Amino acid sequence: MKKASASIIRFLVGIIFIISGFVKLVDPMGFSFKLEEYFHPTVLNIEFFTPYAYPIAVFVVAFELILGVLLLLGAFKHFTLISLLGLTIFFGFLTFYTAYFNKVTDCGCFGDALKFTPWGSFTKDMILLALIIILWLLREYITPLYSQRTSIVLLLLTIIACGWLVYYTHKHLPIIDFRPYKIGVNIEKGMEIPSDAPKPIYDYHWKFKVGDREEVITTQGAYPEVEEGTFISVETEQISKGYQPPIHDFVIEKDGEDYTQSMLEESKLLMIISYDLSKADEKGFSPIKKLTDKALKKGYKVIGLTPSPEQAKILITKYGLNFDFYATDLTTLKTMVRANPAIIRLERGTIKQKVSYNDVQKIDL
């Protein structure tokens with residue numbers, strides 16, 4: 001019975017860690033953005049880690065996947081179980097902090113592939129922690145599937161696969177796109193809210209002075225009917241967010257004017273994306289210059305999108321770019337594409353192609 005229980009739990013936990021590690025490993029940049037949120041002064045206040053967010057993200061997610069493989073193999077079980085305990089406690093702390101203080105609304109445990117509520121993420125981690133503790137208690141029943149030599153070979157192959165995946169996504173783009181701006185998506189349709197979609201729900205806490213005491217009456221909008229008392233204040237609390245479209249906060253602006261709709265109506269639009277021009281790999285703008293000149297000759301509307309268009313003036317002069325930069329929200333641009341800079345080709349708001357600056361030659365005009 002104990003051996004069967006150990007085998008079932010071992011398989012379940014191993015698969016969860018492999019899946020969790022893989023969906024983040026195909027997009028380690030996305031997990032690094034999540035870590036930057038935790039490092040921020042208003043959250044954990046450890047901003048000195050921010051420059052190292054990407055290598056930390058790569059190590060954590062690769063280690064997570066490797067531990068899952070080791071658990072399935074039954075190899076190095078003491079190291080594996082202790083490491084799993086440590087990693088689960090680490091994630092448990094992050095998810096508890098996320099849920100209790102409501103500082104980061106999504107822990108990013110399964111990247112963009114699967115979303116949990118903050119308390120749901122914490123509950124998931126506590127269940128995993130309990131299962132790993134049980135595995136530790138039943139560790140004598142965990143036996144290797146293969147010889148030590150074969151296990152080492154499989155471990156090395158896993159490490160090599162993780163390294164290749166990180167290299168590929170860093171040089172190009174994630175091999176699987178779990179975000180709402182994937183190829184084939186129409187941005188305008190992605191922003192639509194159905195007429196029958198659930199609306200946000202708010203509680204209004206009305207405070208009154210009644211005699212020598214304060215009394216709070218809660219409604220969902222209407223001013224409360226009170227027989228006596230003097231109104232002091234009202235506080236609003238969101239109970240439910242209601243329906244949120246897959247794409248939101250997508251706005252293209254310039255000099256205070258909104259160009260979103262007109263851009264999404266363009267039959268041939270090329271967008272050059274840089275979520276942070278100060279951190280962009282400038283060597284990417286040389287091939288981008290050649291591509292955009294060619295696109296303009298073929299009748300494309302070409303624009304640049306960045307949070308601070310004024311920073312682009314030096315870049316435009318330096319590389320002789322023949323298009324203007326517009327303002328778009330930083331988080332939106334990070335969600336759209338991970339490379340910096342990157343190129344997205346659209347037809348009437350539908351994403352047809354998106355590539356890293358290393359793959360400019362793949363854009364089909």
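**Exercise 1. Which residue forms a salt bridge with Glu36, and how far apart are the closest N and O atoms?**

Solution. This is a predicted model, in which local features need pLDDT of at least 70 and side-chain atom pairs count only at pLDDT 80 or more, while totals for chains, interfaces and linings use all residues. Residues are numbered from 1 along each chain as its sequence is written, and side-chain values use heavy atoms, with hydrogens and water left out.

Step 1. Apply the criterion: a salt bridge is a side-chain nitrogen of Lys or Arg within 4 Å of a carboxyl oxygen of Asp or Glu. The partner of Glu36 is Lys334, with the closest N and O atoms 3.6 Å apart.

Step 2. Helices are DSSP runs of H or I with at least four residues, strands are runs of E with at least two, and both are numbered from the N terminus. Glu36 lies in helix α2 (residues 28–39) and Lys334 in helix α11 (residues 330–336), so the pair ties together parts that are 298 residues apart in sequence.

Step 3. Classify accessibility. Buried means under 20% relative accessible area, exposed over 50%, and partly exposed in between (1.4 Å probe, protein chains only). Glu36 counts as partly exposed because its relative accessibility is 22%. Lys334, at 17% relative accessibility, counts as buried.

**Exercise 2. Find how many salt bridges the whole structure has, and describe examples.**

Solution. Step 1. The search of the whole structure gives 14 salt bridges.

Step 1. Glu64 and Lys24 form a salt bridge whose closest N and O atoms are 2.9 Å apart. Glu64 belongs to helix α3 and Lys24 to helix α1 (residues 2–25), 40 residues apart. Both Glu64 and Lys24 are buried.

Step 2. Lys289 forms a salt bridge with Asp293, and the closest N and O atoms are 2.9 Å apart. Both residues lie in helix α9 (residues 285–297), four residues apart, about one turn of the helix.

Step 3. Look for linked pairs. A network of salt bridges links Asp177, Arg179 and Lys354.

**Exercise 3. Describe the second largest pocket by volume and lining.**

Solution. Step 1. On a 1 Å grid over the protein atoms alone, a pocket is an open set of points where a 1.4 Å probe fits, with protein on both sides within 12 Å along at least five of seven lines; lining residues have an atom within 4 Å of a point. Grid points are joined across faces, edges and corners, and the volume is the space filled by probe spheres set on the points. The volume of the second largest pocket is about 620 Å³.

Step 1. The lining has 29 residues, and the closest to the pocket centre are Met29, His170, Tyr275, Arg338 and Asn340. Two or more lining residues come from each of α2, α3, α6 (148–171) and α11. The largest share, five residues, comes from α2.

Step 2. Sort by class. Ala, Val, Leu, Ile, Met, Phe, Trp, Tyr, Cys and Pro count as nonpolar, Asp, Glu, Lys and Arg as charged, and the others, Gly among them, as polar. The lining then has 13 nonpolar, seven polar and nine charged residues.
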